[in-house]
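Hi there,

Here is the structure I promised to pass on. My notes on the ligand site and the aromatic rings follow below it.

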Amino acid sequence: MARQFFVGGNFKANGTKSSITQIVENLNTQDLPKEVEVVVCPPSLYIDLVVKENKQPTVQVGAQNVFNKPCGAFTGELCAEQILDAGAKWTLTGHSERRTIIKESDEFIAEKTKYALDHGLSVILCIGETLEERKSGITLQVCARQLDAVSKIVSDWSKVVVAYEPVWAIGTGLAATPDDAQETHKEIREHLVKTIGKDQAEATRILYGGSVNGKNAVEFKDKPDIDGFLVGGASLKPEFVNIIKSRL
Ligand code: PEP
């Protein structure tokens with residue numbers, strides 16, 4: 001089954017009104033391929049700005065985080081209803097910076113994912129192992145554990161995109177090799193076949209994330225289980241467009 005190529009841009013806590021406006025204006029002037037789904041995730045303060053400035057029909061907007069409860073007395077949090085109200089249709093969950101720095105648990109991430117899906121958002125669910133875990137040979141076990149927390153409480157995966165992001169590759173300039181990434185993506189898909197069923201596993205897009213840039217994106221082109229990218233640093237630069245066009 002053909003899965004639509006997907007490129008996400010995670011701006012993290014970077015940018016100002018001015019620099020984010022420039023990024024969107026640059027995207028607006030590009031001839032982007034119609035067949036590529038693009039989602040940019042600015043800091044939540046700037047979601048409204050990006051929604052208003054974006055003129056590209058294939059570019060959608062996402063949040064970087066969401067809470068697991070409705071709007072209410074949760075100081076500092078962002079609820080799914082507000083994200084939708086601002087015009088964004090997506091959210092990231094489980095980014096490794098939230099797993100490792102903010103210490104979000106698999107269960108909390110699963111609850112956020114479920115809440116977001118139940119309330120109309122699509123979700124880019126991030127998973128991936130640390131360097132120590134990779135060295136210990138438990139990459140798949142870690143990814144499986146992170147995925148299982150979600151599949152335990154979410155049965156419909158039609159609005160979930162999985163982003164496999166080895167923690168050691170994020171922001172380090174040290175991307176996984178296309179062969180290594182393909183191998184892990186294949187194992188992740190095989191695991192999903194067992195937990196959410198063959199049809200859903202085959203339809204679910206699995207993105208690679210970790211030091212993807214305008215030059216190396218094309219090297220992943222022929223890998224059958226790599227359905228796109230989640231991009232951090234390079235999504236703030238003009239080379240993001242090369243990544244979007246890397247499958248042409
Ligand atoms: C990310 O933050 O999701 C990411 C992949 O970052 P980078 O592309 O900078 O490694």
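A polar contact here is a pair of N or O atoms within 3.5 Å; within protein, one must be able to donate a hydrogen and the other to accept it, and residues adjacent in sequence count only if both atoms are side-chain atoms. With that in mind, a polar side-chain atom of N10 sits 3.3 Å from an oxygen atom of the ligand. For H95, a side-chain N or O atom is 2.9 Å from a ligand oxygen, and for E165 the corresponding distance is 2.7 Å. The protein covers 96% of the 290 Å² of accessible area that the ligand has on its own (Shrake-Rupley method, 1.4 Å probe).

Before you go further: this is a predicted model, where local features need pLDDT of at least 70 and side-chain atom pairs count only at pLDDT 80 or more, while totals for chains, interfaces and linings use all residues. Residues are numbered from 1 along each chain as its sequence is written, and side-chain values use heavy atoms, with hydrogens and water left out.

Around the ligand there are 14 residues, the closest being K12, E165, G171, S211 and G232 (a residue is near if one of its heavy atoms lies within 4 Å). By class, this shell has four nonpolar, eight polar and two charged residues; Asp, Glu, Lys and Arg count as charged, Ala, Val, Leu, Ile, Met, Phe, Trp, Tyr, Cys and Pro as nonpolar, and the others, Gly among them, as polar.

On to the rings: the whole structure has six aromatic pairs (ring centres of Phe, Tyr or Trp, the latter by its six-membered ring, within 6.5 Å; planes under 30 degrees apart are stacked, over 60 edge-to-face, the rest tilted). F67 and F74 form a tilted pair, 4.9 Å centre to centre with 50 degrees between the planes. F67 and F108 have centres 6.2 Å apart and planes at 75 degrees, so that pair is edge-to-face.

Best wishes
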